[in-house]
Amino acid sequence: YIASFLVLLLASAGFLFKRYANRWLFGALLSATLFLSGVGFSLSYLQEVETNFPKDTNVYRIELTSKPIAKERSIQISADIKTIYQKGEEHSKPGKAVLYFEKVQAANQLKKGDMLLISAQLSPPETDGNPDSFDYAKYLHRHGIGLSSFVKQGRWKKVGHNSKLSFKDMALLQREKVLSIYHVQGWSKD
């Protein structure tokens, strides 16, 4: 509603300020409209980040949205939460989470698009408490991720794979192929 009102306001302002002397007023109105629209869209996006999940351990059906990234003691993967199985009932509650899997060979074999059942306790990411350090929780929140968890071996099971690729996924796949050709030729990672 607000966006359509702003478009109508801009159209009428453009019609009213046809005289050259009043063009600056139209420019100021256009700039203010674009700025306020950006602020409104940003705030609505941040409010959509879901962090209100059950505090206890539940079973979740998730789809992996990134390839595994090996860390020092775990494997990090981003995921979309599709379904919660709680007390024998299935609930559709979408959300995004960053998951840390125990560093085992089976977790290294996971791929983007894999569908998993996990048993985990999802919670909002926490900061380390140091006021001058990087705020990882805020970073994840700004990227639309509101939950995180550590998933131990034996607490997850692969149940399928979503092979649909978006345009971005296809572009990233082609990028990796080109980079592998460069590496074969002996070029550095930079």
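How many aromatic pairs does the structure hold?

## Aromatic pairs

The structure holds 4 aromatic pairs. Rings of Phe, Tyr and Trp (its six-membered ring) pair if their centres lie within 6.5 Å; planes under 30 degrees apart count as stacked, over 60 as edge-to-face and the rest as tilted. One of the pairs, F101 with W156, is edge-to-face, at 5.6 Å centre to centre and 85° between the planes. F101 belongs to strand β5 (residues 95-102) and W156 to strand β8 (residues 156-161), so this pair ties together parts 55 residues apart in sequence. F101 is buried, at 0% relative accessible area, and W156 also counts as buried, at 17%. Buried means under 20% relative accessible area, exposed over 50%, and partly exposed in between (1.4 Å probe, protein chains only).

Y136 and Y139 form a stacked pair, with 6.1 Å centre to centre and 20° between the planes. Both lie in helix α4 (residues 136-142), 3 residues apart, about one turn of the helix. In an α-helix there are 3.6 residues a turn, so residues three or four places apart point the same way. Y136 is partly exposed at 29% relative accessibility, and Y139 is partly exposed at 38%. Ring pairs link F134, Y136 and Y139 into a cluster.

## Basis and confidence

This is a predicted model, in which local features need pLDDT of at least 70 and side-chain atom pairs count only at pLDDT 80 or more, while totals for chains, interfaces and linings use all residues. Residues are numbered from 1 along each chain as its sequence is written, and side-chain values use heavy atoms, leaving out hydrogens and water. Helices (H or I, at least four residues) and strands (E, at least two) are DSSP runs, numbered from the N terminus.

The chain has an average pLDDT (the predictor's confidence in each residue, from 0 to 100) of 82, and 86% of the residues score at least 70. Confidence is lowest in helix α1 (residues 2-16), with a mean of 67, and highest in strand β6 (residues 114-120), at 91. Where pLDDT is low, the predicted coordinates should not be read in detail.

## Surroundings of E63

E63 lies in strand β1 (residues 58-64) and is buried, with a relative accessible area of 14%. A polar contact of 3.1 Å joins its side chain to that of N162. Such a contact is a pair of N or O atoms within 3.5 Å; within protein, one must be able to donate a hydrogen and the other to accept it, and residues adjacent in sequence count only if both atoms are side-chain atoms.
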